[in-house]
There are 2 protein chains.
Amino acid sequence: MEFKDLVKIRQSDRGFLDKVVEHEKLVLIAEAGRLSPSACNSQPWLFHIVESPEKVKQIALDAQVLEMNPFLKTAKAFIIIEEVFAKLMPGLAGLIDSQTFAKLDIGGTVNSICLQATDLGLGTCIIGMIDRRKIIKTLGLNNETKIVSFIAIGYAKDSKIRNKIRKDISETVKFY
Amino acid sequence: MEFKDLVKIRQSDRGFLDKVVEHEKLVLIAEAGRLSPSACNSQPWLFHIVESPEKVKQIALDAQVLEMNPFLKTAKAFIIIEEVFAKLMPGLAGLIDSQTFAKLDIGGTVNSICLQATDLGLGTCIIGMIDRRKIIKTLGLNNETKIVSFIAIGYAKDSKIRNKIRKDISETVKFY
């Protein structure tokens, strides 16, 4: 598929079929994330991929905040992204904070993860408001772990591709 | 092309041919960025696309810091990404800072921009260290403008696809 078409069919899916996500597909998705670019190739990310049914069930409960995303209980896998130390080149490391570009780089890997899932016929939804403390406890991570992104994955219940609503192009693009 | 192959051929190109980048391709690239996801569909970005030869020449000079990227003078276009106000849903807006997810969202759009360029046969390089003040002046922007990403674009001089060096998968992926 041409990339210009892939970005059109990638959408946030808020409801999934009762159909397992194949482990092999999760490996391919992780690989797409792993290959995305980062400042000085620092790769400031660690992907926690939850696929066992019991853990998925628990994480779906943990992630709930203010009953905002009840559909999470239909997800079949989660990719939880931890921000880790970004080792920059020695020359740069003295000039700027190590994590200066980490959020931008992680945003890129999250994008590749969602696009790879879409290309494999899966649906995704990035969730911003989650209960990080509960997730950290369920995964047995250190209390200081920086969970910065959370993606629900499954086969979308509604396969209809919606039109994307965006600001007018005149508000988002200027040519010089 | 399958997405798993596109992420393998996307690479940082540090040298470009003396060949104009078609305006139509820049429009397609902007569109891919525009369609990428963001928190509450806030789209906290504005793309400044520089393509006129005089401006490209000036921006290449402006962007130089510590003589780190002399290849910039071979680039044929630049996409400079400004972070703008992210309007979140009213319910969330009272709980968290408007820009909480902006860097992650912009990282995603930068990734889509680079992947779309790759799919169109173009090369890109994301540059972190740039002289923001000079760029702001050349583009005639407000001094407070938040320039958060900078992408050089052109037809790559060296079309050889390099193997990607990444941390071992055991360091970046954990399954549960």
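Analyst: A residue is called buried under 20% relative accessible area and exposed over 50%, and partly exposed in between. The model discussed here is a predicted one.

User: What makes A:Cys40 partly exposed?

Analyst: The relative accessible area of A:Cys40 is 31%.

User: Why is B:Asn41 called partly exposed, and where is it placed?

Analyst: With a relative accessible area of 30%, B:Asn41 is partly exposed. Its place is the loop between helix H2 (23-34) and strand E1 (45-50) of chain B. B:Asn41 is not a glycine, yet has a positive phi of about 55°.

User: How do you know how chain A and chain B are related?

Analyst: Two copies of a chain are related by a rotation about an axis and a shift along it. Here a rotation of 180° with 0.0 Å of shift along its axis superposes chain A on chain B, with an RMSD of 0.0 Å. The two copies are thus related as by a two-fold rotation axis.

User: What shows through which surface the copies meet?

Analyst: Of the interface residues of chain A, 100% are also interface residues in chain B, so the copies meet through the same surface. The contact takes 66 residues from chain A and 66 residues from chain B.

User: Why is A:Thr172 counted as buried, and which residues does it touch?

Analyst: Buried means under 20% relative accessible area; at 0%, A:Thr172 therefore counts as buried. A:Thr172 lies in helix H7 of chain A. Not counting residues up to four places away in sequence, A:Thr172 touches A:Lys167 as well as B:Arg34, B:Trp45, B:Leu46 and B:Phe47.

User: Why is the pair A:Glu83 and A:Lys103 called a salt bridge?

Analyst: The side chains of A:Glu83 and A:Lys103 meet at 2.6 Å, N to O, and the cut-off is within 4 Å, so the pair is a salt bridge. A:Glu83 lies in strand E2 (residues 77-83) and A:Lys103 in helix H5 of chain A, so the pair ties together parts that are 20 residues apart in sequence. A:Glu83 counts as buried at 5% relative accessibility, whereas A:Lys103 is partly exposed at 33%. A:Glu83, A:Lys103 and A:Lys146 are linked in a network of salt bridges.

User: What are the values for B:Lys103 and B:Glu83?

Analyst: B:Lys103 and B:Glu83 meet through their side chains in a salt bridge of 2.7 Å, N to O. B:Lys103 counts as partly exposed at 32% relative accessibility, and B:Glu83 as buried at 5%.

User: What makes B:Asp131 and B:Lys134 a salt bridge?

Analyst: The N to O value for B:Asp131 and B:Lys134 is 3.9 Å; the criterion is within 4 Å, so their side chains meet in a salt bridge. B:Asp131 is buried at 14% relative accessibility, while B:Lys134 is partly exposed at 43%. A side-chain oxygen of B:Asp131 also reaches to within 3.3 Å of the backbone nitrogen of B:Arg133, at the start of H6(B).

User: How do you know on which side of H6(B) the buried residues lie?

Analyst: In helix H6 (residues 132-139) of chain B, the residues B:Ile135, B:Ile136, B:Thr138 and B:Leu139 are buried. They cover an arc of only 165° around the axis, which puts them on the same side of H6(B). B:Arg133 and B:Lys137 are exposed on the other side of H6(B). The buried residues of H6(B) pack against E1, helix H3 (53-63), strand E2 (77-83) and strand E4 (146-154) of chain B.

Definitions and conventions: Residues numbered from 1 in each chain as written. Chains lettered and ligands numbered in written order. Predicted model: local features only at pLDDT ≥ 70, side-chain atom pairs only at ≥ 80, totals over all residues. Heavy atoms only, no water. Buried < 20%, exposed > 50% of the residue type's maximum accessible area, 1.4 Å probe, protein only. Helix = DSSP H or I, 4+ residues; strand = E, 2+ residues; numbered from the N terminus. Least-squares fit on C-alpha atoms with pLDDT ≥ 70 in both. Contact = heavy atoms within 4.5 Å. Arc of directions from axis to C-beta. Polar contact = N/O pair within 3.5 Å; in protein donor to acceptor, adjacent residues only side chain to side chain.
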